Each structure stands twice: as structure tokens, then as C-alpha cells.
2 protein chains.
Amino acid sequence: MKQAKVRLYVEQALGAGQSVPLERDQAHYLFGVMRLALGDPVLLFNGRDGEWRAVVAEAGKRAGSLACEAQTRPLQPPPDLWLIFAPIKKARTDFIVEKAAEMGAARILPVQTDFTNSERIRQDRLQAHAVEAAEQCGGTFVPEVAGLQRLDRLLADWPDDRQLMFCDEAEAGSARRLGAASGDKWAILIGPEGGFSEAERARLAAHPQTHVVSLGPRILRADTAAVAAMTLWQQALGDWA
Amino acid sequence: MKQAKVRLYVEQALGAGQSVPLERDQAHYLFGVMRLALGDPVLLFNGRDGEWRAVVAEAGKRAGSLACEAQTRPLQPPPDLWLIFAPIKKARTDFIVEKAAEMGAARILPVQTDFTNSERIRQDRLQAHAVEAAEQCGGTFVPEVAGLQRLDRLLADWPDDRQLMFCDEAEAGSARRLGAASGDKWAILIGPEGGFSEAERARLAAHPQTHVVSLGPRILRADTAAVAAMTLWQQALGDWA
């Protein structure tokens, strides 16, 4: 059986015999860029139905369709882990979203903090980065990128049953580690460059769900801290264990 | 006392009363870009003498000098950890070097593997990335970037007293963890995109110093894997413990 050269995220339901119509840019990618022909295989996933092998049923310059044949992998949802971070520079923000998808976060929440005042994010572009990361890394799940919100509001409405791993750069060098599990819903909060304000720190300290964790003696950039924190969490409490 | 806005890596020895002449690009950065004036403070480090506070003693467009006043932090050398990886794309290679400096690797070794045939690297450019990362993250140490070498030769001459943490993407999903320490000299080997050849795998398996470690059930890009692996190592055996 011919090996699929392309792995594609689609919105449609996937199942045996299902026909999957292609959008214009997907058709361009498959037939214009990757030069697939009728009958060529493609791997598909939609974040819900696992991974499926499909073949090209119709191919045009701007349209086409795939026919789903068989499931190649079941859905592997990540643990119920949120990644909360304050976007600053475009390239590093893109990177954090990519890494969150690779490392197995279920939801990505960009926040405004007292010391970061990014007024808006391109939510659709960030979501596309998460999709692309899942396509590349063989994931069957795509984390949702939430809209930008203020950290203080997010904390004010914080769900009682969700633990919060707070990676505080003021803790650099201290020996705190991730504590014992207290439920399976978690969030990781990465400090923005410039750190948190005293008000934010006090609010975080007041939450009984907060677990302060050190990321070692060196100051890490936010994108590095995101990967390091997700590694510690996945190893201690997630699906690496 | 005025807060230093700039942290700069220099080659010269640092010590109380030491005068540090500036190179042309350093003078341009300090006086042209950052607009420092006579008497303004700068933090200096050279990878050997810790971090020093200095002040501008002479300022010109293309030259100048700083006068070292007092040590602000001692040298904090990282553990004796090498990071070995196969460079492919420029941006991700730069990123791996940056992350190795932030995460506390002592030495960075780019290698050619059977499935990667990058013929050359810009060693000077990569070294500059390591310097910049140390400047940014408050490090007092800069890891050396070695010249490109073949992985099989590196393994053939492998030092008996250095353990090797081998992050094998074929191990994705298995439950292997970093074993008990066997000495304080280590190296982390990150699999290239495309994986290792059977010959490389056999050679690695034959080394008694090899510790195979899984980085979870998802396939990680090489740059993500580098940060994740260094996190696991630092937490288990390095200076995060």
C-alpha cells in the first residue's frame, strides 16, 4: 500500500466511506504543491475521530474530494491541561502555540497581564499554527486557542476543580517542585517577560489551587519556560508518566 | 544607583578596576543604539569571571571603554552536560542553540547523522546565538558550540566516563525514564527529524553509557525535544534538583 505523503486536518466528520470535500487552499496544496493524483493516499484527522487513511477521489485546481477508507489511529486526546501565557512578540507567541500543541495541551489561553499590554491577537492565525503543529507532529487532537482575556478576570472566575501550576520566575533557583496531584484538571501559567505585578502575585497566592513551581536557577524566556513547564507536568502528572 | 539597561558579553578579563575596551560593534550598540552616556552602568560577563557592574569611561561612535567596578554575581557554571543534535533547518538550529544556553548546557555539539546531510554549519553564527541567549537570560556562562562532526565518529571516540541520554523517537509512548545517575558527566542526544539509521541505533545500543529515554507519546520536533530532554535531565540529575 502506497505511503501517504500528506497529513491533513479537516473540519468534516471522518468515517468509513465518508466523502471529504476539499476547500480551495487544501486542493491547491494537495494537487498544486504536493502533486497528488487520483487514488493517492492522504492521512486525515479532525480532532474528534482519530486518524483516517483516505484517497483522492476527485482532483481539480481549486476543488476536489477525498474518500475515507479506514481508521489508522484512534483519537488520542491530551490530558485536561490548559496553557496560559501572555503574548508579546509575534514569533515567540506563534512558537508557544506550536509547542503547546506538540506537548499535549488541551487548551491554549493567551492573557493580558499588568505588565503586558498586547491589545489583540490574531486568534485565527494562532489556531492555524496549532493545526499545523498537530499535522506535523502526528497528533490526532488540536488544542483550542481561546480569545485574549485579562488574567485578573480569568483568575476571578477560576474553576474550583482546576489546579494551577504557577511558574514564577521569582522562584528561579528555589527548590519547589510540582506537588502531589489534586485532581486531573490543570492549568500551567507562564510568567510574562517582565514578570507579574504584586497584585497578580497576591491574587495567585490567594488561590488554594495554586502550586508554585520553579524552573531552575536560570531565567528562561517565556517560550522556553512553556516547554519546560509542560515537560515537568506531563512527566509528573500527565500522559508521559 | 542607576540600574543597568544593558548586559554585555565581552572577551576580556573582568575584575575590580579593570578597563574593558569596546569593539566597534559593541560601541555602536551601547552608544548608537542604546544611547548610553559617560558614567552609565552596564553589566558585563565573559563566561569565566561572573557578572560585573561597569560604567562607561569613554564613549565614541566607533570605540570606547568601560571601567569595571564590582562583581554583581559569581560565575554559575552549568552542570557538565553536552547537547548533541543534528542541524537541519536554519531557524530551528538557531533555536536549539539558544535553548541549550538558556537551559544550562555546557557544550553544544552539532552532528551529521546517516539521515541528515547538512554539510556545514555557521559555527561563528551559532556561537553568537549562544552568547546572545546568555546575555538575555542572565547567564554568566556561555556554552561552546563545537564544529560539525559525524555522529558515528563521535560515538567511536566516546569517553568512558560520560553517560548518554538518548532520546529516541521510536521510544515515543514507552514508559522509559532517566535512570539513576552514574557520574556527573552527561550528554543528551536528540534524534534528527527522520530518525536514526539502524547502524546508528545499533552503535548506540552497544554503548554501556547509553540511557534510552522516552519523551512522551507524541512525536516532538527536534527543537521541542531538546528543551524537553534538558528539562528532564536538569530536574532529575542537574542543577534544578
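Helices here are DSSP runs of H or I with at least four residues, strands are runs of E with at least two, and both are numbered from the N terminus.

Before going further, a note on the source. This is a predicted model, in which local features need pLDDT of at least 70 and side-chain atom pairs count only at pLDDT 80 or more, while totals for chains, interfaces and linings use all residues. Residues are numbered from 1 along each chain as its sequence is written, and chains are lettered from A and ligands numbered from 1 in the order in which they are written.

Let me stay with the sheet. Five bridges join β3(A) to β4(A), and the two strands run antiparallel; two strands pair if DSSP finds at least two bridges between them. L43(A) has R53(A) as its bridge partner in β4(A). A second hairpin, through four residues, leads from β4(A) to β5(A). Between β4 (residues 51-59) and β5 (residues 64-73) of chain A there are eight bridges, again in an antiparallel arrangement. Within this pair, A54(A) is bridged to C68(A) in β5(A), and V56(A) stands opposite L66(A) in β5(A).

These strands belong to an open sheet of five with mixed pairing, in the order β1-β3-β4-β5-β2 (chain A). β1 (7-9) and β2 (19-21) of chain A stand at the edges with a single partner strand each, so one side of each is left without a neighbour in the sheet. On average, neighbouring strands of this sheet are turned by 40° against each other, direction ignored. Helix α1 (residues 24-33) of chain A packs on the sheet and touches β1, β3 (41-45), β4 and β5 of chain A; its direction makes about 80° with that of β5(A). Axes are lines fitted to C-alpha atoms, for helices over the stretch in contact, and angles run from 0 to 180 degrees between N-to-C directions.

I turn to the chain as a whole. Chain A has six helices and twelve strands, and its C-alpha atoms fill a box of roughly 60 × 35 × 30 Å along the principal axes. Of its 241 residues, 41% are buried, that is, with 20 or more other C-beta atoms, placed from the backbone, within 10 Å of their own C-beta.

What of the pair of chains? The same surface serves both copies, as 100% of the contact residues of chain A recur in chain B.

How many residues does the contact take from each chain? It takes 23 residues from chain A and 23 residues from chain B, where contact requires C-beta atoms, placed from the backbone, within 7 Å. On the side of chain A that touches chain B, α2 (90-103) and α6 (222-236) of chain A are the elements that give two or more residues. α6(A) gives the most to that side, with seven residues.

A229(A) touches M165(A), C167(A), I188(A), I190(A) and L215(A), not counting residues up to four places away in sequence.

Notes. Two residues are in contact if their C-beta atoms, placed from the backbone, lie within 7 Å. A residue is buried if 20 or more other C-beta atoms lie within 10 Å of its own, exposed if 12 or fewer, and partly exposed in between; C-beta atoms are placed from the backbone.
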